[in-house]
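Open the model in your viewer and keep the selection panel at hand. The tour moves from stop to stop, with something to select at each.

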Amino acid sequence: MSDTMKENNNTITIDGREIPFKEGQTIMDAALAADIYIPHLCHRPGLKPHGSCKLCTVEVNGRSASACTLPAAKGQEISNNTEALNGVRKTITQMLFVEGNHFCPACEKTGDCTLQAVAYHLDMLDGHFPQFYPRREVDASHPGIVLDRDRCIMCELCVRTSREMDGKDVFAITGRGIDAKLIVNSASGKLADTDITTDDLAAHICPVGAILIKEHGYEVPIGRRTFDLHTIAEPGVEPVILRKGKHADEH
Amino acid sequence: MESHNGPTGQTGAHLLHRLFEVQQQYMHIPKQSILELAGELRLPVSQVESVVDFYSFFHRTPRGRFDLLFSNCTSCGDTAMMRSLCKRLNVTPGETRADGLVSINETSCIGMCDQGPALLVNSRTLTGLTAIRLEQIAAQIEAGVPVPEWPVEWFRVQDNVRKNGLLLGTAFETGSGLRAALEKGPEAMLAEVTQSGLRGRGGAGFSTGMKWKFCREAKGDAHYVVCNADEGEPGTFKDRILLSSHAHAVFEGMSICGHIIGASKGYLYLRGEYRYLLNDLHAVLKRRHKARLLGKHILGQAFDFDIEIIVGAGAYICGEESALIESMEQKRGIPRVRPPFPVTKGYLDQPTVVNNVETLAAAALIAVHGGAWFSGHGSEKSAGSKVLSISGDCTTPGVYEYPFGVSIQRILDDCGAEDVQAVQVGGPSGTLIAPDEFERKLGFEDLATGGSFMIYSKDRDLLKVISNFTHFFAHESCGFCTPCRVGTTLLKNGLDKIASGHGTKSDVDEMYRMATMVKRRSHCGLGQTAPNPLLDALKRFPEVFEQRLVHDSEFEPHFDLDAALEEARQISHRDDAEAHLA
Ligand SMILES: Cc1cc2nc3c(=O)[nH]c(=O)nc-3n(C[C@H](O)[C@H](O)[C@H](O)COP(=O)(O)O)c2cc1C
Ligand code: SF4
Ligand code: SF4
Ligand code: FES
């Protein structure tokens, strides 16, 4: 059987639109390839799917599932961009905001932040729930990178990127339940004593302002940052997010 | 294959076991030990650290030389007793006394619901607490008498089997199941198990024959059998008695499974709360080796199989099969993405069967007596019997075995429960039912249960019960997925607000909305069932909430302004009416 034939046979339907998928793809992979946006935070093409944020929650033949981890299978009827599901996603985004400490106007990442962009996309106007105000440590020990745990959303993109892309093991999540927190792999527990460098992809992957590169703050003015010029739902925006505002001007 | 048990058969090189030893030695896990263990076991420092922080029984700062953990279960817990001992010994709950002698805290259900109130002292189980016993304990602690020298009868754990059935009442001759299985051969034996209609006793009720078949057919470098003895669901203690009095049948079920799926290694994952069973279990394993029921050439045939025991360290989520496997792999107990399921990709990514203790014991009997014998009992979709752990407001709590299809009322009559307000069937993750449902029947077609059966009389404050369960889930959430990590805490806070008399109708509506979201969108069974007590109570006992609500106001903030002024009042030495908000 040729590849094209296989593709023709293998289709799933997202919000009434039939799209092809290849063996081994998840629903998210197939959707991204077809320029269909399914909101996501802990997922990034090229990294092992994680399935923790639950922003990509869809309904597959009426059952709740994570699009980023569920393998696409022939004949799946998927609801994605519905009012109910976007409501669920908005609630989840609000939960992520209130469990951490996010003071967007004071954050270097503002405008380039995927959490913020997703919140805009979902018409989130407030945190809705009472703030948790957790106490979390800032680690500024590294000469080139600062770790501000207040903003961490536990997506483990940095954990996986360091492991899978950089061939290191710099980050990990510790603790349990609401006490979960990001740690680094060194005897002192400080970032400076890990083998991370600013050349590592893990130093740039964070979707929020929890991992920032030092001495490059506000190089792109507010108003010309990634999500000032693009929406999160735009096809092909993934590589733009990673380049951050630096190159957003070129678009 | 590395061994986790030392040459003496004692637990050894597994990270959880090494951390337990360090915790016992220093009453905490010093940073230096983390670094050493990382070196010794060739693990990243961050992995060792994250395991220490994940499991409740490991601490970064020193606990007292006497470290007491009172169960906070509605059946085997008594936190009032905990507070009175704290007062007696001058201890703040959760903190270590300044002289380092003693620390006291709460822990989730320790499985002693038929003989509570109970606690763990330096990881040993102490049952049947009374005011007098508390006083004696306080005296021993103040006198510095080491726990091993305390009177042995304080630590006695009874089986309390009140009613035998198919499983507990059928005599099992050690080795008979294995002999039958080896004689029949794997295929015929698998057919017996499938024909028996046996379904998993851990809660989900998956067909055991199917599970074994899938695993047998899955390709891998090795296959594994895991016995799930994590028994963490509050109110469940039936695996405890299976392990203490029917261990041969359990191990034999594992071996039979191993023979069928082509495994040469099995693991029993024992909850840390049941550490007191460890020596006896190792002794049984030794006897089985001697009898050539374990090891090489079992019963002289070409079948090698061995069993190791891995002991957990206080984490309910590790009962979830994929989290359990992660824990076996010396990691935090985070449930995996499924599919793939353990039968194709389990321990060390190899095909693995995970079964409950009771399932495996039943399989051993099926090997002897045949599938038809088993399927002849119970109801249509639920073959066989169920071993129940009955606790709460009744005259004779304990272990009762019934054929599936038995009614709730019949069970209540047998254990001497009167004036019953509600029954929690299957533990907090199960179903809360009201008296008009007591004719309902136990079984996969109606009320499924992993074995917990908690009874609440009319004298109980049900809101406290629901609140207890909701706190339990927030405490035990692994923290991996957003709905459960944040949602269980929001539900807990919401219930606390109502219990404190500050809740309004809008708080109840908010909680309902959050509960349905957490139930539907969470990653694993913990989050998917955590809202059950709340949702069941809202449906069946709405008055429990309504009684506590503030009715003359649409909205009350979570924030208590008057309480927030307390610090200012203390500083200004004022407590007059003007220093308070109305
Ligand atoms: C949060 C959670 C806790 C669980 N705890 C246990 C447990 O303590 N014992 C158990 O046998 N199964 C437990 N389970 C079910 C297991 O995941 C699994 O289904 C079971 O061990 C399979 O064995 P069985 O087919 O023999 O029932 C738990 C599931 C969840 C989601
Ligand atoms: S630091 Fe950033 S990338 Fe890493 S887990 Fe936190 S939010 Fe995700
Ligand atoms: S539902 Fe709860 S316990 Fe399960 S993965 Fe999510 S956070 Fe962990
Ligand atoms: S993007 Fe799928 S769960 Fe996070």
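**Stop 1: ligand 1**

Select T359(B) and ligand 1. An N or O atom in the side chain of T359(B) sits 2.7 Å from an oxygen atom of the ligand. The protein covers 89% of the 610 Å² of accessible area that ligand 1 has on its own. Keep in mind throughout that this is a predicted model.

At G232(B), a backbone N or O atom is 3.4 Å from an oxygen atom of ligand 1. At V354(B), a polar backbone atom is likewise 3.4 Å from an oxygen atom of ligand 1.

How many residues surround ligand 1? The count is 18, and the closest are G202(B), E321(B), N355(B), N356(B) and T359(B). By class, nine residues of this shell are polar, six are charged and three are nonpolar.

Color the shell by secondary structure. Two elements of chain B, β9 (352-356) and α19 (525-529), each supply at least two of its residues. Which element gives the largest share? That is β9(B), with three residues.

**Stop 2: ligand 3**

Move to ligand 3. Its shell holds 13 residues. Select the closest: C478(B), C481(B), C484(B), C524(B) and G527(B). What is the class make-up of this shell? Eight residues are nonpolar, five are polar and none is charged.

**Stop 3: cysteines without a bond**

How many disulfides does the structure hold? Over all chains, zero. A disulfide is a covalent bond between the sulfur atoms of two cysteines.

The cut-off for a disulfide is 2.5 Å between the sulfur atoms.

Go on to C113(B). It is in no disulfide, and its nearest cysteine sulfur, again that of C109(B), is 3.7 Å away.

Is C73(B) buried or exposed? Buried, with a relative accessible area of 5%. C113(B) is buried too, at 5% relative accessible area.

**Stop 4: strand β10 of chain B**

Select residues 385-392 of chain B, which make up strand β10. Seven of its eight residues are buried, so the strand is mostly covered.

Next, show its partners. Strands of a sheet pair through backbone hydrogen bonds, either parallel or antiparallel. Here β10(B) has a partner of each kind.

- Select β11 (residues 398-403) of chain B. Six bridges join it to β10(B), and the two run antiparallel. L388(B) stands opposite Y400(B) in β11(B). Between the two strands lie five residues, and the pair forms a hairpin.
- Select β14 (residues 452-457) of chain B. Four bridges join it to β10(B), and these two run parallel. S391(B) stands opposite M454(B) in β14(B).

While the side chains are displayed, follow them along a strand. In a regular strand the side chains alternate between the two faces of the sheet.

**Stop 5: helix α3 of chain A**

Switch to chain A and select N86(A). It is found in helix α3 (residues 83-99). At 18% relative accessibility, N86(A) counts as buried, because the limit is under 20%.

Show the side-chain contacts of N86(A). One is a polar contact of 2.8 Å with the side chain of N81(A). Another, also 2.8 Å, joins N86(A) to the side chain of R89(A).

Step along to R89(A), which lies in helix α3 of chain A. Is R89(A) buried or exposed? Buried, at 0% relative accessibility.

For a sense of scale, draw a line from R89(A) to H216(A). The two are 127 residues apart in sequence, and their C-alpha atoms are 32 Å apart in space.

**Stop 6: a sheet in chain A**

Finish with three strands of chain A. They form an open, antiparallel sheet in the order β6-β7-β10. Which strands stand at the edges? They are β6 (138-139) and β10 (211-213) of chain A. Each has a single partner strand, so one side of each is left without a neighbour in the sheet.

Zoom in on β6(A). It pairs with β7 (residues 145-148) of chain A in the antiparallel sense, over two bridges.

How values were computed: Residues are numbered from 1 along each chain as its sequence is written. Chains are lettered from A and ligands numbered from 1 in the order in which they are written. This is a predicted model: local features need pLDDT of at least 70, side-chain atom pairs count only at pLDDT 80 or more; totals for chains, interfaces and linings use all residues. Side-chain values use heavy atoms; hydrogens and water are left out. Buried means under 20% relative accessible area, exposed over 50%, partly exposed in between (1.4 Å probe, protein chains only). A residue is near a molecule or strand if one of its heavy atoms lies within 4 Å of it. A polar contact is a pair of N or O atoms within 3.5 Å; within protein, one must be able to donate a hydrogen and the other to accept it, and residues adjacent in sequence count only if both atoms are side-chain atoms. Accessible areas come from the Shrake-Rupley method with a 1.4 Å probe; for residues, only the protein chains shown count as cover. Ala, Val, Leu, Ile, Met, Phe, Trp, Tyr, Cys and Pro count as nonpolar, Asp, Glu, Lys and Arg as charged, and the others, Gly among them, as polar. Two strands pair if DSSP finds at least two bridges between them.
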